[in-house]
Amino acid sequence: MSEPQAAFEALLDLAQRSRSAARGLPAQTDIRPQWSGIGFSLMGSRFVAPIGEVSEMLEVPNYTHLPGVQPWVKGVANVRGRLLPIFDLAAYFGDRLVGGRKQRRVLILETETLYSGLMVDQVFGMQHFPMDEYSEQAGTVAENILPFVTGSYPAGEHVWSLFRPALLAEDPRFINAAKS
């Protein structure tokens with residue numbers, strides 16, 4: 001047998017042994033469609049917001065207080081050259097933020113007509129849930145938050161209520177932040 005022929009036979013043998021020792025791919029039936037959102041806490045409850053409704057998350061920036069606005073309006077911040085109104089979401093719902101200031105974050109809500117920052121207790125980042133575990137029932141949340149919650153996802157010991165910032169952006173009380 002010639003040297004090139006022997007090398008070719010050795011490669012064929014190696015390929016055959018590799019195929020016989022290889023494990024198959026997991027069955028497609030193990031894959032469950034996932035829904036993803038941005039997890040955060042507010043007033044002691046866990047929420048998740050659709051990714052498409054939160055354009056960015058950031059630490060609470062320095063902001064300038066504004067006169068003549070509702071108490072839940074914290075002020076306005078310069079974020080990369082854009083003026084971002086900062087709203088205390090817990091105060092908007094008649095409560096207060098819990099936990100330390102270092103954990104607080106701002107979720108940026110950006111629609112065609114509204115650019116605003118929602119200050120929350122803490123952000124947990126991306127959360128993924130099996131779509132078939134969605135429930136139309138809200139988790140345990142305060143009554144005044146219910147109009148902005150459209151369901152929930154269970155995950156271990158927690159229930160994540162699906163908070164919709166887009167619904168908040170349509171609320172006339174939220175849009176008119178001037179003091180009455």
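Guide: What follows covers the nonpolar cores, the aromatic pairs and the charges over rings, all in a predicted model.

Visitor: How many residues has the largest nonpolar core, and which have the most contacts inside it?

Guide: The largest nonpolar core has 40 residues, and Phe40, Leu42, Phe93, Phe163 and Leu168 have the most contacts inside it.

Visitor: What does Leu168 touch, leaving out residues up to four places away in sequence?

Guide: Leu168 is in contact with Leu89, Tyr92, Phe93, Leu118, Phe148, Phe163 and Phe174.

Visitor: And what is in the second core?

Guide: That core is separate and has six residues, including Val48, Phe129, Tyr153 and Trp160.

Visitor: On to the rings. How many aromatic pairs are there?

Guide: The count comes to 18 aromatic pairs. One of them is Trp72 with Phe174, which is stacked, at 5.9 Å centre to centre and 10 degrees between the planes.

Visitor: Which parts of the chain does that pair tie together?

Guide: Trp72 lies in the loop between strand 3 (56–59) and strand 4, and Phe174 in helix 4 (residues 172–175), so the pair ties together parts that are 102 residues apart in sequence.

Visitor: Are Trp72 and Phe174 buried or exposed?

Guide: Trp72 is buried, at 4% relative accessible area. Phe174 is buried as well, at 2%.

Visitor: Why is the pair of Tyr92 and Phe174 called edge-to-face?

Guide: The planes of Tyr92 and Phe174 are at 90 degrees, with the ring centres 5.5 Å apart, so the pair counts as edge-to-face. Tyr92 in helix 2 and Phe174 in helix 4 are 82 residues apart, and their pair links distant parts of the chain. Tyr92 is buried, with 2% relative accessible area.

Visitor: Which residues form the aromatic cluster?

Guide: One cluster is formed by Phe40, Phe47, Trp72, Phe87, Tyr92, Phe93, Phe148, Phe163 and Phe174.

Visitor: Last topic, charges. Which rings do the charged ends of Arg46 and Arg82 sit over?

Guide: The charged end of Arg46 sits over the ring of Phe124, 4.4 Å from the ring centre. For Arg82, the ring is that of Tyr115, with the charged end 3.7 Å from the centre.

Key. Residues numbered from 1 in each chain as written. Predicted model: local features only at pLDDT ≥ 70, side-chain atom pairs only at ≥ 80, totals over all residues. Heavy atoms only, no water. Core = buried A, V, L, I, M, F, W, Y, C linked by side-chain atoms within 4.5 Å. Buried < 20%, exposed > 50% of the residue type's maximum accessible area, 1.4 Å probe, protein only. Contact = heavy atoms within 4.5 Å. Phe/Tyr/Trp six-rings, centres within 6.5 Å; stacked < 30°, edge-to-face > 60°. Helix = DSSP H or I, 4+ residues; strand = E, 2+ residues; numbered from the N terminus. Lys NZ or Arg CZ within 6 Å of the ring centre and 35° of its normal.
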